[in-house]
Amino acid sequence: MGGHLNINHLMFLGQGALWTIGLSVIALIGGGIVGFVIALARISPLKSVRLASAVYVQLIQGTPLLVILFLGYFGLAAIGLKVSPLTAASASLTLYVAAYLGEIWRGCIQSVPKPQWEAAEGLALTRTQRMIKVILPQAIRIATPPTVGFMVQIIKNTSLASVVGFVELMRSGQIVNNSLFEPFAIYAIIAVTYFAMCYPLSLFSQRLERRMGRGRSNLAPA
Amino acid sequence: MSLQLDFPAVLERWPSFLAGAVLTLELAAFATVLGALLGTLAAVGRGTHNSLIAGACKIYVETIRNTPLLVQIFLVYFGLASLGLKFSAFTVAVTALTINVGAYTAEIMRAGFEAIPRGQIEAAEGLALSRLQIYWHIILLPAVEKVYPALTSQFVLLMLASSVCSQISAEELTAVANYIQSDTYRAFETYIIVAVLYVILSLVMRAGFWGLGLVLFPRRRRLGTPL
């Protein structure tokens with residue numbers, strides 16, 4: 001107990017902040033890969049695949065991330081796998097992010113104008129060619145602003161990994177607080193740090209959206 | 001290693017689960033109503049010509065939207081305590097959730113306000129409606145009608161986010177789960193049950209909002225616009 005906030009505490013918080021970024025990147029990449037599969041499955045020609053992916057999305061979107069994290073942490077332990085907090089947090093966040101990114105990207109793929117699909121079909125492209133050469137390049141443009149916006153959600157949500165003992169920014173704040181007991185000051189520092197990570201992304205997302213808005217309105221009358 | 005699941009051992013604690021689910025719904029209900037009011041005020045504030053009020057509302061919205069709920073809850077919890085105020089965990093949880101969802105509601109409502117065609121307001125002025133009447137009948141109600149689906153999703157997300165309140169020992173569903181799993185050592189079963197309960201709660205909330213929408217917006221129902 002006692003003592004003042006010194007450079008070592010700040011270094012420790014900085015390390016936590018780096019882990020927050022690291023975990024966010026893992027969640028974005030993992031969730032992006034699985035989410036892409038989900039997005040394709042949601043528009044699959046097979047009804048069973050569509051249904052299964054829709055159920056997955058509904059289940060994940062109807063469960064709090066905190067509960068998913070506990071399930072990942074204790075669930076993997078229950079089947080006898082010894083998991084580190086990092087593994088549990090990465091796996092849970094991947095499943096969580098995939099459900100949301102999958103839905104966002106499905107919307108983006110489906111918002112590529114219908115004539116584009118028809119034209120690609122008329123050129124006798126196969127389904128895969130049509131996807132890769134015609135639809136996806138346009139969908140990626142549409143998907144960029146909401147994806148950047150969702151990255152803010154990912155960064156904020158990694159704070160919940162602290163409850164399974166992963167030492168990211170939030171958890172390192174709690175640890176520092178346990179030795180100093182100045183909760184208000186420390187959590188204020190934590191809040192400012194999160195803000196510094198998230199706000200630039202928010203602004204970037206807004207700017208992308210505005211730019212897209214202009215581009216799209218020029219294309220609109222067809 | 002084989003996985004042995006024993007659901008009955010956990011399910012016999014159903015009264016605790018039920019109490020937790022009820023408290024989760026109470027938290028969500030209070031925060032939804034208060035947050036909707038706060039958010040609407042903030043959205044109106046952001047649209048005023050007074051740059052001081054508009055700036056304050058913008059700072060509020062951006063600060064909340066760019067920091068995690070967990071940090072906000074701790075700040076409210078310890079902030080009130082350091083002011084010498086002692087509140088129950090429930091009050092702190094409702095306060096923090098209200099502040100949180102207010103910011104998201106403000107953004108949604110602002111989008112609703114911006115979607116009101118300028119001509120409608122001019123027409124209302126031409127009909128000599130008072131400012132208050134214009135705000136209520138021409139701006140607020142149609143705006144809410146437009147953004148109703150987005151608002152309801154936000155409120156369902158709020159209910160799910162209230163699980164974070166378990167960290168300040170508000171006895172809601174997730175806190176109950178934490179307690180039961182430490183008591184029975186059946187963590188996996190406990191959290192599966194709780195996950196199912198949350199899915200049910202979110203489906204119930206969606207159905208409730210959908211029904212409410214049918215009652216509140218008969219015009220929309222006639223137009224056949226999905227809620």
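Predicted model: local features only at pLDDT ≥ 70, side-chain atom pairs only at ≥ 80, totals over all residues.
Residues are numbered from 1 along each chain as its sequence is written, and chains are lettered from A in the order in which they are written. Local features need pLDDT of at least 70, side-chain atom pairs count only at pLDDT 80 or more, totals for chains, interfaces and linings use all residues, and side-chain values use heavy atoms, with hydrogens and water left out.

Chain A has eight helices and zero strands. Chain B has 10 helices and zero strands. Helices (H or I, at least four residues) and strands (E, at least two) are DSSP runs, numbered from the N terminus. In chain B the order reads α-α-α-α-α-α-α-α-α-α.

The C-alpha atoms of chain A occupy a box of roughly 75 × 45 × 25 Å along the principal axes. For chain B, the C-alpha trace spans about 75 × 50 × 30 Å along its principal axes. Of the 222 residues of chain A, 46% are buried. In chain B the buried share is 48% of 227 residues. Buried means under 20% relative accessible area, exposed over 50%, and partly exposed in between (1.4 Å probe, protein chains only).

Contacts were examined between residues at least 6 apart in sequence, a contact being heavy atoms within 4.5 Å. In chain A, 76% of contacts between residues at least 6 apart join residues at least 24 apart. The corresponding share in chain B is 75%. The accessible surface of chain A is about 11,100 Å², with 68% belonging to carbon and sulfur atoms. Chain B exposes about 11,500 Å² of accessible surface, and carbon and sulfur atoms account for 68% of that area. Accessible areas come from the Shrake-Rupley method with a 1.4 Å probe; for residues, only the protein chains shown count as cover.

The UniProt record, an unreviewed entry, places the feature "transmembrane region" at residues 20-44, 74-99 and 191-217 of chain B. Such annotations may be inferred rather than shown by experiment. Residues 191-217 of chain B are 96% helix and 0% strand, with end C-alpha atoms 38 Å apart. Residues 74-99 of chain B are 77% helix and 0% strand, and here the end C-alpha atoms are 13 Å apart.

Charge was then considered. Chain A carries 17 positive and 6 negative charges, whose mean positions are 6 Å apart. Chain B carries 15 positive and 13 negative side chains, and the centres of the two sets lie 11 Å apart. Lys and Arg count as positive and Asp and Glu as negative; His and the chain ends are not counted. The place of a charge is NZ of Lys, CZ of Arg, CG of Asp or CD of Glu.

Side chains of opposite charge can pair when their charged atoms come close. Over all chains, the structure holds nine salt bridges. A salt bridge is a side-chain nitrogen of Lys or Arg within 4 Å of a carboxyl oxygen of Asp or Glu. One of them joins Arg42(A) and Glu103(A), at 2.8 Å from N to O. This pair links distant parts of the chain: Arg42(A) lies in helix 1 (residues 7-42) of chain A and Glu103(A) in helix 4 (residues 85-110) of chain A, 61 residues apart. Arg42(A) is buried, at 19% relative accessibility. Glu103(A) is also buried, at 19%.

In chain B, Arg186(B) bridges to Glu189(B), with the closest N and O atoms 3.1 Å apart. Arg186(B) is partly exposed at 27% relative accessibility, whereas Glu189(B) is buried at 3%. Elsewhere, salt bridges that share partners join Arg46(B), Glu107(B), Arg110(B) and Glu114(B) into one network. Glu114(B) is exposed, with a relative accessible area of 59%. Arg110(B) is partly exposed, with 27%.

Two loop residues have positive phi without being glycine. Ala124(A) has a phi of about 65°. Ala124(A) sits in the loop between helix 5 (114-122) and helix 6 (127-157) of chain A, and is exposed at 64% relative accessibility. Tyr185(B) has a phi of about 60°. Tyr185(B) occupies the loop between helix 8 (173-184) and helix 9 (187-216) of chain B, and is exposed, with a relative accessible area of 73%.
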